[in-house]
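Good morning, and thank you for making time for this presentation. I would ask you to keep the sequence and the structure in view while I speak.

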Amino acid sequence: MTNLNAVDPAAVAEEAHLEGHEVVINKSTIILRRFLRNKTAVAGLIVFVALTIFSFIGGFFTEWDKSKIDPFSIGMAPSSDHFFGTSQAGIDLYAQMVEGTRVSILIGLVVGLVSVLVAAVYGCTMAYFGGKVDKVMLFFLEALIMMPALLVVAVATNGGGGGSFKQALPSWLLLTIVLLVFSWMGTARLIRSMSMSLMSRDFVKAAQFMGVPARRIVWRHLVPNIGSLLVLDITRGVTAAILAEVTFSFIGIGIKVPDVSLGVLIGGATSQVQTYPWMFWVPLGAMFLLTGSLAMMNDGLRDAFDPSSSSVGKAKKKKKSTS
Amino acid sequence: MSRETSPEPSESLPVSAVAASPVGRSTAERLHVAGLHAPGDAVLSVRDLNVRFNSENGVVHAVRGVDFDLLPGKTLGIVGESGSGKSVTSMAIMGLLPETAEVNGSVLLKGKELLGLSDKAMCKYRGKELAMVFQDPLSSLTPVYTVGNQIVEALTVHNPTMSKQAKEVRAAELLGMVGIPSPKDRLKAFPHEFSGGMRQRVMIAIAIANNPRVLIADEPTTALDVTIQAQVLEVLQKAQDETGAAVVMITHDLGVVAGIADDILVMYAGKPVEAGVVDDIYYNPRMPYTMGLLGAVPRVDISEKSSLIPIEGMPPNLVHTPTGCSFAPRCPLAGPECLTGEPPLRKVPGSSAHQAACVKAEALGGDVDVHDIFHAPPVPVSNFAGIPREDRKTVLELRDVKKHFPLMKGALLKRRIGTVKAVDGLSFDIREGECFAIVGESGSGKTTTLLEIMEFHKDQDGEVVIGGLSNKEAADSKTKFAMRKEMQMVFQDPTGALDPRFTVYEVLAEPLVNQGMGKSDIKKRIMELMRLVGLQPDHVNRFPNQFSGGQRQRIGIARALAVNPKLVVLDEPVSALDVSVQAGVINLLDKLRAELGLSYLMVAHDLAVVRHISDRVAVMYLGKIVEVGEVGRVFDNPRHPYTRALLSAIPVPDPEVERNRERIILEGDLPTPLDAPTGCNFVTRCPVYAALPEAKKQKCLTEEPPLEMISASRAAAQLEAETSTALDQRFACFFPDGDLDQSSLVSHASAGPHAP
């Protein structure tokens, strides 16, 4: 009766004030604006999307596929028949590129996304419970970091004990799983320390004092609040996964023929740089485009999410044009 | 290079000579009083300063036309809420704004233009002619260099020819000047070995190292405790006396500047709205905003129970140029004439230097009742008001609660080197409808006490009883769940306490979902809560960052009330808010307590707020209660020397009172818990102890004073004879009415800034 009446008109006025003047801009809008302002990042995004589209529908523009041999054009340079030329065996490089790019992007996206998700849940849980749980989980994490990933990849993909494994799964999926196991630890540690600082924030304490169960606090309060870091880590993780795939395939322990990936194509063509240069340069260029575009995007995303970034508002340009 | 340096030697000497000589000073003063002084007399003269920033929303016009003249040796207080452009003004003067900021106008230092100088050219002035003391002493010193090193650095930059020995001697002299004991040895100390107050002293020492003409202090005491604040203000004044510098004091606290400023500039929305001599502003304000600010501050020295004056709404958005008076949307007196054109600063009739930017300035004389203008709500009366305390139910009881932390040392093999007694045997109870406040400096264990209560764990040392549930008897999850329904908490920082990714609806729904409430019930309850705390119910879909600080704190209060608790724990509920907003939240808390029959347990360092809202108060020092009792009794008749010192350290927004008040300045800081004294905790800083004869001192040193009811002191016996019931006041001191050590008493009665 007393204060309520006194407050309401002001609140109404305030609302009019807020809505009338667009004081409040959605955070996502700000992030999008900042991202779009960074021309390099936008270019990166366009290149990446274009490559992805190419890898999925590029197959419709040619009659060849990755296993079909053209006996009349063996080791041919790029022509209208074979856009990127053919290999020593007469297989169309364009068809191989479509397939290889798709496999590489697929591995990158799956590994990048899933590993960051695993890292987020693992890191947040560690930070939330602290104490003994944290110690045990941290030990497991460090043990994984110590493990020689290269050897495990080699053993897993080359048969070794897992012969049946290899038959059941396509080689790209096997590689994805192995990469996943070894790619989330660094991020998890980073997220652990970030969450620890979040834990000391009052809203987590408030939830605890309200009696909200632990898993709900982790999922509802901690994970969303490190969202911007997660987005950055996903793009970084995708790049890392693509590079890892290329590396492993290049040294012959990743994707196995007949499966094709950018790494396999580059690895297979190293001996033919002089004789069939297109076999080497075309997949290499594709790889550069792929990782390069991601790096460019990452830069823009970091600027967009970083609240202390020097990215000034749109006002800057306006001012210049008027004065 | 040569162009800039050549005029300097010819100019700097005569001006400083004039400033120092008494003749020059009085001339300046006479002109100032007559309002005729030319800008040439002023050391610093700012004209039409404008600062613009670019943001996502557009150009923010943060400072819009600030004018002032600062005369040598004078103190100018710039007062305003956060976002009013005070700090930006000071940064613009210092040339410390980022390059993206657009600064126009003119800043003349001794007649030389500072705006537009390159960073390199500014370096010649910064630290030499212009010096600055920043708000946060913890981050303004470099942690990897010794304090001495940093003072010497300040000297080296501007006196490259000074010898090493001379610089060291000067550094020690400076440290001694700001009151740091054994300055020579302390030169080798690192910043982390100093407490916050000591670091702020070091900052002041660095600032005055080169005898600056202008010292800008940007909220120099906001981050400090009241007792330390009193010390630092004292040092600042001393530094001003020593160097004869003019001081610009930027603050939001009207109390701080009341005692030390000569002139006040009130800023609102980037514009000065009232300017004048300190007495004019405090006793004869002409701008409704100034009146509101003065009425919004609770007073520690007055027990009168009236509601505070809330200034509704929030400051305007400076992206859009106000078409009318910028305060009009919040002003209760605003009429149509206020909406056409921004009123300029105009002279108030009857006073030479007093200016106000209000069209109604002439009509608002000194006899206007501010409570009427701002429609201060009536004081709410609780249902429990008539019931005596003993007959009310106990909501919370603490019995001998202790929290000791072991202090470990060693990297590999940890060994215990001591105990930190954060909370040491606390007992108190809170009855229904009562507000119990715990006050004390930081480090006294207030917050630890709250956390101990919120933890509610079986293994705690001591017993916590909440609404009849004891932590000893049944600390299973069911009891805990029931306890969470009885008690909720409101946090200090309203921004940190709300998850930025939750809408208000989600924030308020969380405790309700947790209690297993149905969806439609939740919705109904949330609407109810929003109305209860004075927010628009249709704001539930907004995010916390779309609200102002005061509104966020209202959301925090609504969340605490969601499950209908009996007891609400308030951890510094208003300390993060601006004064005008603070008044609204305090009024809301008062109203809720009366309407819902709530009990509050409040932790606060602002004694004025405590006096306003609390029924009972406990003063804590080093984990122990040193004095507890009914708020009026403790504040009007403090018995423990610590309480006396604490109360005397609080600045009052009344220049007359401030000038004539005797202050007890406590020596030093809280002792580290490691070398806590064995007898009375307070012995190291106690002004009574210092004045005691040797024979009596022994008692303080060896025995621990118990918390006792008022005993056979003569004054108390007299009072007790008058009242039939036992007085609600207990304290822990052997010599409650002992004389104070003269050296710790400071009075400015004779050296008042306006003494003729």
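Let me begin with a definition: helices are DSSP runs of H or I with at least four residues, numbered from the N terminus. The model before you is a predicted one.

With that definition in place, consider helix H18 of chain B, which covers residues 519-532. Glu528(B) and Arg525(B) are 3 residues apart in this helix, and are therefore separated by about one helical turn. Their side chains form a salt bridge, in which the closest N and O atoms are 2.8 Å apart. As to accessibility, Glu528(B) is partly exposed at 41%, whereas Arg525(B) is buried at 12%.

The next pair links two helices. Asp636(B) and Arg611(B) meet in a salt bridge, with an N to O distance of 3.1 Å. Asp636(B) belongs to helix H22 (residues 631-636) of chain B and Arg611(B) to helix H21 (residues 607-613) of chain B, so the pair ties together parts that are 25 residues apart in sequence. Here Asp636(B) is exposed, with 52% relative accessibility, while Arg611(B) is buried, with a relative accessible area of 7%. Elsewhere in chain B, salt bridges with shared partners join Arg389(B), Asp429(B), Arg431(B) and Glu434(B) into one network.

Over all chains, the search of the whole structure finds 34 salt bridges. One of them joins Arg52(B) to Glu102(B), with the closest N and O atoms 4.0 Å apart. Arg52(B) lies in strand E1 (residues 44-55) of chain B and Glu102(B) in strand E4 (residues 102-109) of chain B, so this pair ties together parts 50 residues apart in sequence. Arg52(B) is partly exposed at 24% relative accessible area, and Glu102(B) is partly exposed at 25%.

Which charged residue is buried yet has no salt bridge? It is Asp225(B), whose nearest side chain of opposite charge, that of Lys446(B), is 5.4 Å away. The cut-off for a salt bridge is 4 Å between the side-chain nitrogen and the carboxyl oxygen. Asp225(B) sits in the loop between strand E7 (214-218) and helix H10 (226-243) of chain B. Beyond its neighbours within four places in sequence, Asp225(B) is in contact with Glu441(B) and Ser442(B).

Strand E7 leads us to the sheet. In chain B, 8 strands form an open sheet of mixed pairing, in the order E6-E7-E8-E3-E9-E10-E12-E11. Its edge strands are E6 (130-133) and E11 (346-347) of chain B, each of which pairs on one side only. Helix H4 (residues 86-94) of chain B packs on the sheet and touches E3, E6, E7, E8 and E9 of chain B, its direction making about 145° with that of E6(B). Helix H9 (residues 196-207) of chain B lies across E6 and E7 of chain B, at about 175° to E6(B). Within the sheet, E7(B) and strand E8 (residues 246-251) of chain B run parallel and are joined by 5 bridges. Ile216(B), for example, has Val248(B) in E8(B) as its bridge partner.

Finally, chain A has 15 helices and 0 strands. Of its 323 residues, 47% count as buried.

Key
Residues numbered from 1 in each chain as written. Chains lettered and ligands numbered in written order. Predicted model: local features only at pLDDT ≥ 70, side-chain atom pairs only at ≥ 80, totals over all residues. Heavy atoms only, no water. Buried < 20%, exposed > 50% of the residue type's maximum accessible area, 1.4 Å probe, protein only. Lys, Arg positive; Asp, Glu negative; His and termini not counted. Contact = heavy atoms within 4.5 Å. Pairing = 2+ DSSP bridges. Axes fitted to C-alpha atoms, helices over the stretch in contact; angles between N-to-C directions.
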